[in-house]
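User: I would like to learn how to read the packing in a model like this one. Could you take me through it feature by feature?

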Amino acid sequence: MIKNEIARLVQQAASTAMEQGALPSVPLPEITLDRPRSPEHGDYASNLPLRLQRGVGGRPLDIAEKIRAHLPPSPMIGAAEVAPPGFINFRLSDAWLAAQVEMILGTGESFADSAIGNGERVQIEFVSANPTGALHVGNGRGAVFGSALFAVLEATGHHVQREFYVNDSGTQVRSFGRSVYARYQQVAGRDAPVPEDGYPDEYLIDVARELHAVHGEALLRPEGDPGPDEIGPLAIDVVVRRIGDDLTALGVHYDVWFREGALYESGGQYDRTMAELRRRSFVAEKEGAVWFTSTDVGEDKDNVLVRSSGAPTYFASDIAYHYNKFVERGFSRVINIWGADHHGHVSRLKAAVGAFGIDPERLKILLYQLVMIKRGGESVRLSKRAGNIILLRDLIDEVGLDACRFFFLQRSADSALDFDIDLAKSQRDDNPVYYVQYAHARIAGILRTAAERGLFPDRGDVRLLTHPAELALIRKMLQLPETLEQIARSLEPHHLPYYATDLAATFNGDFYRDVRVITDDETLTLARLKLVAAARIALARTLHLM
């Protein structure tokens, strides 16, 4: 990482200045570097002199000059300049920048990977929609958010597992089973009403038809009798498979599909979790129910674990599930990606994790806001089968996989997202998906034309890359490793489409306009082809991560 290497040089310079008496000896804070807002101020800036002023004394500009004077030589640094009120600005060496093209080509598809995660075991649970209907566009935003975050964490040296939690237990599922049975009877020719507390969605007719196609009328019971117990689980299996198909169409995959029902197997996870809570004295019985005494760990109120009917609450299931994640399976960090409507559940679940002696900060709960689908500037409904919700599969079929993923990612999760269908389908430069992919196509076209003329980048001499637009393109490519590190630390994958757009703009702008790649000068042509090939790697890597 470039900034880490420059930070090491700054630390070494400050330490040497203190050892030689140029500066008083004081403890050094952590050295951090920022990118100046204006490129005229260099590539990186350190504010260490300002932070040392109180301990060292004197003017920050003088402190900065003394640190600069003790910087060890480095081929990376072209210039180090002191700037008011007390910064040291660093400019990367042109020759060193040009040499990085070889590095990018050498690393290939692993360009920008790092080991900052140090093999940390991380689980990301995302989507986990109730298996009672099709996925909607809000689920799609969470799905792309989770899968892109997985890709970045994996690329930065974390050991990551993707998980979908299937809610296949509880009263909601039983109500779902009764609704499916009503539709199943209708498919079989009976006049059976959907229960008042059931699911009226026409989507369930498709589920019932599939069950009828597989089982015929074997699941029918005499009219007026309740349906068989197995119809609910069978229907859930159908819906879960369809959810998986929709997510695959969105380019989203999982390592584990965890069934809630597994928590309640005899002597299983739920029993062990409740026993552990009792052992730690976080369980109380009152008002005929069993409560988690969350007030003992800082919450405003206690929460019910087991209703007076004897049925566990969803909160009890969630506690058992997270005990399984942290204690049974040993994840160092767990990341849950939820819709913003679940914000009220965040605090109490973190409190429950803390009750087991687990640092609540090891549980990261990321909330994403609503998605508004628009066409022609107006809100639209795409689904004819799902009432007021907009089905994810309909959106994928309408605009395509790539546009779906890019648009879902292009805003931070805590911002509402307007998804403009007309823009997503357009072939105009204001469509960021088209703009970025066109840059990649343009790069591929240049390399293809060169190959047809017998010109291949492997023979290029990168020392010939001296044009300001060439160096600007290299600078932008070298920001990708830092972008991935930033995402891995902040858990904000929306920086990927921003970076992709900036990289495409750097290539499509000054470089494509001012630098002719294929010229009569073969040696210069080969050098520039090498740069173009590196740009293809950087852009393709970004697209792949998204």
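User: Which residues touch the most other members of the largest nonpolar core?

Analyst: In soluble globular proteins, nonpolar side chains tend to be buried together. A nonpolar core is here a set of buried Ala, Val, Leu, Ile, Met, Phe, Trp, Tyr and Cys residues joined through side-chain atoms within 4.5 Å, where buried means under 20% relative accessible area, exposed over 50% and partly exposed in between (1.4 Å probe, protein chains only). In the largest core, of 148 residues, Ile6, Ile67, Leu149, Phe408, Phe419 and Met477 touch the most other members, and helix α19 (residues 522–545) gives the most to this core, with 12 residues. A second, separate core of 31 residues includes Tyr270, Ala320, Ala355 and Leu363.

This is a predicted model, in which local features need pLDDT of at least 70 and side-chain atom pairs count only at pLDDT 80 or more, while totals for chains, interfaces and linings use all residues. Residues are numbered from 1 along each chain as its sequence is written, and side-chain values use heavy atoms, with hydrogens and water left out.

User: What does Leu149 touch?

Analyst: Contact means heavy atoms within 4.5 Å. Leaving aside residues up to four places away in sequence, Leu149 touches Ile124, Ile335, Ile337, Leu366, Ile487, Leu491 and Pro493.

User: Is serine 169 buried or exposed?

Analyst: Serine 169 is buried, with a relative accessible area of 18%. Its place is in the loop between β6 (159–166) and α6 (171–187), helices (H or I, at least four residues) and strands (E, at least two) being DSSP runs numbered from the N terminus. Again not counting residues up to four places away in sequence, Ser169 touches Glu260, Gly261, Tyr264 and Tyr314.
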